[in-house]
Amino acid sequence: QVRLVESGGGLVQTGGSLRLFCEASGRTFSSYTMGWFRQAPGKEREFVALISRSSIITRYAESMKARFTISRDNAKNAVYLQMNSLKPEDTAVYYCAAGVSAGSDVRSYNYWGQGTQVTVSS
């Protein structure tokens, strides 16, 4: 079992930046693809970014490709999401997730954190 805890969310102005953190428990953290997803009120959970076990592969949703950067540190059992040039439409609860051979589909992840709120004001 993998337990995930997100942190780093908060309130920022349009154009600002935030860095989200996800800390994982478990000995097999490095065996998982890690992903970030977000969910705004009234909307489905959507893919943000993923990173492979050894950080060789990263993938982003098109609307976030130029602004967000995902990274991980397997020695620390941690994954990060650097978010720059934030827009009001980025406002959502952001979730960290872990999965085996996971992709951009939320259904391909086995473990989820509790989420951290990101609010971008205009």
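Me: How do you know which residues Asn77 touches?

Reply: Leaving out residues up to four places away in sequence, Asn77 touches Cys22, Glu23, Ala24, Ser25, Gly26 and Phe29. They are listed because a contact means heavy atoms within 4.5 Å. Before we go on: this is a predicted model, where local features need pLDDT of at least 70 and side-chain atom pairs count only at pLDDT 80 or more, while totals for chains, interfaces and linings use all residues. Residues are numbered from 1 along each chain as its sequence is written, and side-chain values use heavy atoms, with hydrogens and water left out.

Me: Why is Asn77 called buried?

Reply: Its relative accessible area is 18%. Buried means under 20%, exposed over 50% and partly exposed in between, using a 1.4 Å probe and protein chains only, so Asn77 counts as buried. You will find Asn77 in the loop between β7 and β8.

Me: And what makes Arg72 buried?

Reply: Arg72 has a relative accessible area of 10%, so this residue is buried too. Arg72 lies in strand β7; a strand here is a DSSP run of E with at least two residues, numbered from the N terminus. Among the residues that Arg72 touches are Phe29, Tyr32, Ile51 and Tyr80.

Me: What makes a polar contact between the side chains of Arg72 and Asn74?

Reply: The distance is 2.8 Å. A polar contact is a pair of N or O atoms within 3.5 Å; within protein, one must be able to donate a hydrogen and the other to accept it, and residues adjacent in sequence count only if both atoms are side-chain atoms. So the pair of Arg72 and Asn74 qualifies. A polar atom of the Arg72 side chain also lies 3.1 Å from the backbone oxygen of Phe29.

Me: Why is Ser101 called exposed?

Reply: Because Ser101 reaches 62% relative accessibility. Ser101 lies in the loop between β9 and β10, with a positive phi of about 55°.

Me: What makes the largest nonpolar core, and which residues have the most contacts inside it?

Reply: A nonpolar core is a set of buried Ala, Val, Leu, Ile, Met, Phe, Trp, Tyr and Cys residues joined through side-chain atoms within 4.5 Å. The largest one has 36 residues, and Met34, Trp36, Phe68, Leu81, Met83 and Tyr94 have the most contacts inside it. Strands that each supply at least two residues of this core include β4, β7 and β9.

Conventions: Helix = DSSP H or I, 4+ residues; strand = E, 2+ residues; numbered from the N terminus.
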